[in-house]
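Open the model in your viewer and keep the sequence panel at hand. We will go from one selection to the next, and at each stop I will tell you what is there.

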Amino acid sequence: MKHIEYKQNPFIEIMADYDIVERSYYTKTHQKENFLHSSEQIQIFYDRTGGHRVTVDEIQYQTKAGDLILVQPWSLHWFECLKEECRYVLIQFLPNMFDVIESVPQIKTDIAYWFNRAGKSHSNFLSLNEKQKKKLETLFDKYDSHGGYGFDILRFCTFTETLLYVAICFKKNAEIKEETSYKPSLSQKAIDYIDKHFTENIKIPDIATELYVNEKYLCTAFKSQTGMTVKQYINHCQVHQAKKILDDKRKAPQDAFEKSGFKDYPTFYRMFKKVTGMTPTDYQKFARKLKEDNYPPKLKAKMLGQLPED
């Protein structure tokens, strides 16, 4: 496992298609890293020392040692170190890692489900118990120990084992919450409805009516089961849709507003800036630069007209 002294760089270096990396952040003034991070990878943040405040889109978490947060691709996020020294581990990989794993004919386990639903029907935040922390730390050490002939294959196998164990932790946490929740299927029904209709400027009463439940009951159950409010999830879907539209440099902020479900442009502008920390125009510039920085050198040169077409 690589260890990196953390430097203030708004564009996090992609170490490999997949990797497990430890980072350290030192501060005597408890200053916040006041820039946004974004990546095409799925990133799993594991707090080793405690003392972090982690923001993912508009959701903020104050973490302790053993806490784990899953960050979806292109989600804007940043960290704040609240102690003199903070250490954390990033498990990071491209989403097509799941395709690689599932391409083996004998593998039927769908571990992608637990990663894809994190932050939606299931929470993307876990507090691991001592047994789980010890197991995960053992996997980190195992990943780092491989060397010599075939080390790349062994590392891939250990990385896959680590993903599987994280999925097991998410699965167990979801099962525990379902046993103690108001109604296990209610939040999922609400999410399914929101996913289909968020571009229609839906409101909480619309969802409650569709599901034949009281508004207060819906909001309480949704918050209990997912860790976010109904309104936060609707805004998450709308802003995520707007971000996808703005990833296309041919589209304008007005296009993103019209196709993301907000009732008016001022609301769209205000909520987009609240969630991402940027105006729609600034985000479009940020996303374009980040993606271009991650292109392979030969492809980037071709895009810039420095190489002839193949």
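Select Lys-83 to begin: its relative accessible area is 33%, so it is partly exposed. Here buried means under 20% relative accessible area, exposed over 50%, and partly exposed in between, with a 1.4 Å probe and protein chains only. Lys-83 sits in the loop between strand S7 (77–81) and strand S8 (85–93). Helices (H or I, at least four residues) and strands (E, at least two) are DSSP runs, numbered from the N terminus.

Two points on housekeeping. This is a predicted model, in which local features need pLDDT of at least 70 and side-chain atom pairs count only at pLDDT 80 or more, while totals for chains, interfaces and linings use all residues. Residues are numbered from 1 along each chain as its sequence is written, and side-chain values use heavy atoms, with hydrogens and water left out.

The side chain of Lys-83 reaches the backbone oxygen of Thr-49 at 2.9 Å.

Next, show Cys-81 and Cys-86. A disulfide joins them, with an S to S distance of 2.2 Å; the term stands for a pair of cysteine sulfur atoms within 2.5 Å. The link of Cys-81 and Cys-86 is right-handed, with 90° about the S-S bond. Both Cys-81 and Cys-86 are buried. How many disulfides does a search of the whole structure find? The search finds 1.

Two further cysteines are worth a click. Cys-157 is partly exposed, at a relative accessible area of 44%, whereas Cys-169 is buried, at 6%.

Now go to Thr-162, in helix H4 (residues 151–180). Buried or exposed? Thr-162 has 0% relative accessibility and therefore counts as buried. Leaving aside residues up to four places away in sequence, Thr-162 touches Ile-20, Ile-91, Leu-136, Leu-139 and Phe-140, where contact means heavy atoms within 4.5 Å.

Then select Phe-115 in helix H2 (residues 112–116). Phe-115 is buried, with a relative accessible area of 0%. Among the residues that Phe-115 touches are Ile-44, Leu-70, Phe-93, Phe-98 and Leu-163. The C-alpha atoms of Phe-115 and Leu-163 are separated by 9.3 Å, and the two residues are 48 apart along the chain.

Colour helix H5 (residues 186–197) and helix H7 (residues 215–226), which pack at an angle of about 100° with their axes 9 Å apart. Axes are lines fitted to C-alpha atoms, for helices over the stretch in contact, and angles run from 0 to 180 degrees between N-to-C directions. H5 and H7 are therefore roughly perpendicular to each other; angles under 35 degrees count as roughly parallel, over 145 as roughly antiparallel, 65 to 115 as roughly perpendicular and the rest as oblique. At this contact, H5 contributes Leu-186, Ser-187, Ala-190 and Ile-191, and the residues of H7 include Tyr-217, Leu-218 and Phe-222.

Finally, zoom out. The protein has 12 helices and 9 strands, and buried residues make up 47% of its 310 residues.

Terms used
A polar contact is a pair of N or O atoms within 3.5 Å; within protein, one must be able to donate a hydrogen and the other to accept it, and residues adjacent in sequence count only if both atoms are side-chain atoms.
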